[in-house]
Amino acid sequence: MRRRLPRRLFTALAASTLLTLTGCVTVHGEREILPAVSREEAPKVLQGFTDAYNKAYRKLDPAAVDGFEAGPLAANNRADLTAQHALSPGGNASYPALEFKDSRFTIPAQAGWPKFFVADSASNRDGNRWYLVFTRDGAKKPWRAAYLSILNSGERPEFATGEDGWAEPVPAGEDSGLVVDPGALSGAYTTYLQSGKGKFAPGQSTSRTREAREKLRRTPSFWTAYIDTPAGPPEYAPLALRTEDGGAVVFFTAHHREKRTLAKGVQPAIGDPRTKALLTGDFKRSVTFTKVSESAVKVPSKDAGGQVAFLNRIEGLTAVKGG
């Protein structure tokens with residue numbers, strides 16, 4: 001059963017108009033509750049992203065990333081392309097093109113900026129569903145992909161939609177109705193990684209990540225210090241959509257650093273070529289890896305209670321500094 005949205009929402013939708021060719025909302029989109037994008041324009045946004053993505057990876061051009069990506073996805077892919085360009089400055093003309101099919105679009109009706117929507121597609125890379133969250137900072141700004149999550153078909157969330165098919169965005173603050181507000185998730189997660197305390201369900205991105213870290217804190221060859229810090233607006237704004245059970249799926253970002261200090265007598269070395277390509281400074285005794293994670297989590301409502309469960313988490317290496 002579809003979750004009903006407030007009546008005032010449909011009144012606003014009925015009164016609004018969409019520009020048919022560009023998919024832009026009316027000039028009062030900062031005040032009126034309107035669909036983030038038209039149903040006709042959403043597939044064009046996805047295709048434009050795909051074309052730009054394939055072009056950037058054929059040329060191995062990190063400078064192109066900001067034109068079609070934002071947030072954590074841009075940070076991770078910019079670093080990836082920087083490393084690959086250092087190894088292959090002539091580009092990669094044989095890069096296998098990314099393709100999407102069977103795409104479905106979840107479009108919230110919302111006021112203000114940024115606006116966002118979710119594209120859920122099958123790709124030619126694997127048998128999973130790729131969730132791309134597109135954001136737009138203003139009526140004259142381009143749509144850019146800010147988050148990527150990869151889920152199998154059994155993990156697909158049931159987003160709440162109204163009678164007209166528009167989804168319901170969840171506010172970031174205290175009126176979210178969730179056990180953890182979207183705006184507080186990044187801080188709650190980074191605190192959990194440091195202390196083990198928080199409303200997070202056991203799993204690969206939570207309890208098992210902490211267990212794996214413990215094994216590397218002190219070894220015969222090196223010891224590791226972990227520093228986790230939250231990320232937030234404007235560059236890393238969390239984005240959330242209500243689900244049919246009253247909870248939400250929240251996409252959010254976090255920053256992570258790992259400082260690895262070598263034991264006396266151990267020779268410094270980095271084996272992975274792409275990691276080495278990002279290295280700055282003189283690696284003599286220590287090396288610090290900077291990473292950005294983009295996550296999709298299922299957050300229950302306050303009424304239902306429970307813990308935050310990770311649907312997917314992608315962590316990318318963005319910088320390496322020797323010391």
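Which residue forms a salt bridge with Arg274? Select Arg274 and Asp80: they form that salt bridge, with the closest N and O atoms 3.2 Å apart. The pair ties together distant parts of the chain, with Arg274 in helix H6 (residues 273-277) and Asp80 in helix H3 (residues 71-87), 194 residues apart. A salt bridge here is a side-chain nitrogen of Lys or Arg within 4 Å of a carboxyl oxygen of Asp or Glu. Helices (H or I, at least four residues) are DSSP runs, numbered from the N terminus.

A word on the ground rules: this is a predicted model, where local features need pLDDT of at least 70 and side-chain atom pairs count only at pLDDT 80 or more, while totals for chains, interfaces and linings use all residues. Residues are numbered from 1 along each chain as its sequence is written, and side-chain values use heavy atoms, leaving out hydrogens and water.

Colour by accessibility next (buried is under 20% relative accessible area, exposed over 50%, partly exposed in between; 1.4 Å probe, protein chains only). Arg274 is partly exposed at 41%, and Asp80 is partly exposed at 21%.

Now hop to helix H5 (residues 207-217), where Glu214 and Arg217 sit three residues apart, so about one helical turn separates them. Their closest N and O atoms are 2.6 Å apart in a salt bridge.

Then pick Arg260 and Glu258, a salt bridge at 3.9 Å between the closest N and O atoms. Glu258 is buried at 12%, whereas Arg260 is partly exposed at 21%.

Last stop: select Asp102, Arg104, Asp120, Arg129 and Arg156, which are linked in a network of salt bridges.

Key. Helix = DSSP H or I, 4+ residues; strand = E, 2+ residues; numbered from the N terminus.
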